[in-house]
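Here are my notes on this one, as numbered points. Have a look at the model first, then read on.

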Amino acid sequence: MRLPVFSPGIRLTDPYLWLLVISVIITCLMSYVSLWMGWTEIVEIFWYIPIIIACAGYIRKGFVASLIIIAGYMGFILHFTPDPVSVSDALFRVVFFLFIAATVTYLSELRARSLTKVRESEDRYYTLFSNAVLGIFRTSQAGKYLEMNPAFAHIAGYDTPEEMMAAINDIGHQLYVHPEDRERIVELLSSQGELRGYEAECWHRSGSSIWISMNAKAVRNDANDLLLIEGTIEDITARKKAEAELAIKNEDLQSMLEELSGSEEELKQQLEEILSSQIEIEEREKKYQQLFESNIAGIGLHEIICDPSGRPYDYRFLEVNRAFEDFTGLHAEDIIGKTACEVLPGIESYWIDTYGKVALTGETIHFENYSGDLGKYFDVTAYSTELGRFATLVLDVTPQKLSDIRIKENNAFLENLIDNAFGPIIVWSPDFRITRINRAGEFLVGRQAEELVGRSLDTLFPPDEAERSLRLIRTTLEGVRWETVELSIQHQDGSVKTVLWNSSTIYSPEGNNPIATIAQGRDVTLERRLEREKEETTVQIQENIAKLAILNDGIRNPLSIIAFIADMTGDSRLNESIQVEINRIDEMVSSLDREWAHSEKILEYLKKHTQIGRSNASGSQAFSHTHQPDTGTTETDGKEKEGLLPQEIQAQLYSILDSIDALVYVADMKRYEILYINKKVRSLYGDSSGKKCYSFFQTDLDHPCPFCTNDRLIEGGTPTGVYRWEYYNPHLNRWYDCRDRAITWTDGKLVRLEIATDITDRKAAEQTIQESEEKFRRIVDTAQEGIWQMDRQMNTVYVNHLLTEILGYSAEEMFMKNVTYFMLPEDHAEHEARMEKKIQGFNDKYEQRFVRRDGSICWMQVSVTALMDPNQGFIGSFAMLSDITQRKEVESALKESEEKFRTIIETSHYGIGIHQDGIIEYVNPFGSSILGYESPDDLIGKPAIDVVDIAFREMALERMVEVHKSTVSTIHEQFIRADGSRIEVEVRTAPFVLHNRPAVMVLFSKV
């Protein structure tokens, strides 16, 4: 609504002029009658009206007119009451009149200036509002339009905004095709405060539907409740129709492509329809030609050629598309009109036989075959378009066919390799069921593959070994690769064989999920038995040698005793005979001593060269130089049964690495061979078995990466810790934050561990933020409002140029100064209270005083937004400020004027009261004293009629109704005082507006 502005000019057509003239005439007449009747006290009241009207309506010229009116007042006084007292009172009144006239003139001029600026601003807004191409609107939360521009009404099919606002009382059900759209909009604005690009279907006045795109913003009250919705709409019906038509066309084209490439029967019907109707051919020739030429399948039209007996022996090319040329290498200009035998002299007979069957019987045939002349395999769909003619859809499947052949050859080779391998090979699924076992495996367990496939792996193990064996097998699902794991396998006859296994897990093409595990074994049962027999033999030899040493000592001691006894007998012959036998036995014992020494040397040799006596408890050693096999009977076996197996610990580690949302791999630092990759890497690159890190991650490299960080991870043979760097991978088009370090791997070697986190989104966000900051800086530097950004301590981080001009500081001087530096000390407490709300995330809008550099005070309208981090932590504030100093000065002047009028009313010697809807809203002190009340508060809120004597109430009620039809009415009546006594008063009433509602002002005095 545009505000009226009184013109200081005077025109005869100005209704305000006639109001002034009429008020002057009436005032003169009323003054004449009153003075003629002797009512001198009420005369001056009439003269306020024309004085105020003149000054308020015509400002300075009105002030001159008020001087003339005041002169007229003095003329009446001098004419009717020339006594000095009346003249003196009149002169005092004249001064008061002049004061009133000057005040009203001053205030009117301030108001006129303010209204002029407002009107200029409104004119600009109204021009923009009225001429905008976009529809602009304002609605209540309840769903009623409060304001809209012509463009909005025209979009909805109405001639004027007034017509549309009168027609629509419920936006949700009258405007929106889907009423829930309105509810959704209100819900989004309540939660988010604004929305952009919301698309909805609405009703047009004509009954048809239209599509709009809406940008809207919520307007809230001080309690943060939603009051109004403001926004713009754009008619996007044409765009929606275009999108729908485009979608339909795309669907049609897609359907046609699918029909051509995927449905032989539908394509046959379509071609029959095309060839059966010449009119339809002409109408759709262009569209067909586009489809024909752009089809991904090679399309050819042919006619069959038969001998006199009706047997096909050749066919002729009639038309081919570009794809046909690309697939076959035959150009249209070289083959159209020619026969197949002319173009392809060595054409195989099966092509002509198949096409002849299609052309003559109408049967559609789909097949794959090889063309020797072209050296390619083709996937062909052939169907008859009419008798004697046929069409072909051709796809070159040579690469796929050759790939299939190679795959079949490789599969056959692998099948033979697996089946004929010397060692047992077993393949199992992720649920640990056997899916494949070769002949060696069948021989190992004594069962046929048909009996084992589909059964659980625990059927292969002895019952007492099954739990531990399955624990080891489960580790393969986490990527653990066995090098030498020793498991016991139970034969069908009950015997147990010891097998040394290595394994590899096969993953899906995405690299995320294991699909099978293959394990190859070596039967070491005989080796383990021989090792145990050697150990037992060694123990027996050691026992025999010990017994031999004891026996030698046991023999020599008795011989010494026998020789001593023989010598004591004195019989030389007996003594000689005994000595001969003793010497012979001693020679035999000496021979045994030599054999014992030789046995010790043999034992040492066996210990040195066959490892007898130094094996583990099971007598097993790994056939790998790197890894010790898990025999199942080692010294730590007891610990493994109580805790975790080493492979299980490794599986847990792999599981943790697989759960990391980053690329993780381990590579040998010397050979660059990949030792481990996690699930994330497998999903992007596939399997890494036997590959180098540089060729695996950089597909075009055959040497270590030039940016390899291995030399930064070790210094003097000792790991240096984590090395962090960023890398852009051009193959994946991604940025990574890499953390590298050297660690000790399971084999004791130092290896490279790299964890690469994808930071592409962060990089893009940084770029976006940088661009946004540049854009923001350009916007704020040219903004028409001051912009002030502060950190969490309310220190200045940024100010735009306009704010520095308002406050008189440079941006450098304001930087990092606390906002309170620019406030009056008495405002700090209020600022701290507002800060508490900002920290909690509340936005605010208020008026604030600031101190300029020159010490002067300026007023700002501040709209501040709390800045929160993703965790809803307060990180600062962003404020937009408008200089309202001039408006404040006008408001201050108005307040001062109001205070002056209040003082006049409060100190008046007339009783003054105001009642609205029959209830007393105001009484001045003099009026309450006339009625015998101590305070005006004793009267406020009471019915006005209760103050009037009963005899005058009916007349008073009529006057309350009639008062709004006349300007001023005067009457004599009686009021009831507080003590119940009556007092006769002269009462004047005039219509009045209080809080935008009609009220009555009453002036009364004792008679």
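1. Let's start with a local pair: Arg671 and Asp668 make a salt bridge, with 3.4 Å between the closest N and O atoms (that is, a Lys or Arg side-chain nitrogen within 4 Å of an Asp or Glu carboxyl oxygen). Asp668 is buried at 8% relative accessible area, while Arg671 is partly exposed at 39% (buried is under 20%, exposed over 50%, partly exposed in between, with a 1.4 Å probe and protein chains only).

2. A caveat on what you're looking at: this is a predicted model, where local features need pLDDT of at least 70, side-chain atom pairs count only at pLDDT 80 or more, and totals for chains, interfaces and linings use all residues. Numbering runs from 1 along each chain as its sequence is written, and side-chain values use heavy atoms, leaving out hydrogens and water.

3. Strand β25 (residues 844-851) holds Asp844, which pairs with Arg834 of helix α29 (residues 828-839); the closest N and O atoms are 3.9 Å apart. Arg834 is buried at 13%, and Asp844 is partly exposed at 25%. (Helices are DSSP runs of H or I, at least four residues; strands are runs of E, at least two; both are numbered from the N terminus.)

4. Glu847, also in β25, reaches Arg887 of helix α30 (residues 885-906), 40 residues apart, at 2.3 Å from N to O.

5. On confidence, pLDDT (the predictor's per-residue confidence, 0 to 100) averages 79 for the protein chain, and 78% of the residues score at least 70. Over residues 610-642 the pLDDT is below 50.

How values were computed. Contact means heavy atoms within 4.5 Å.
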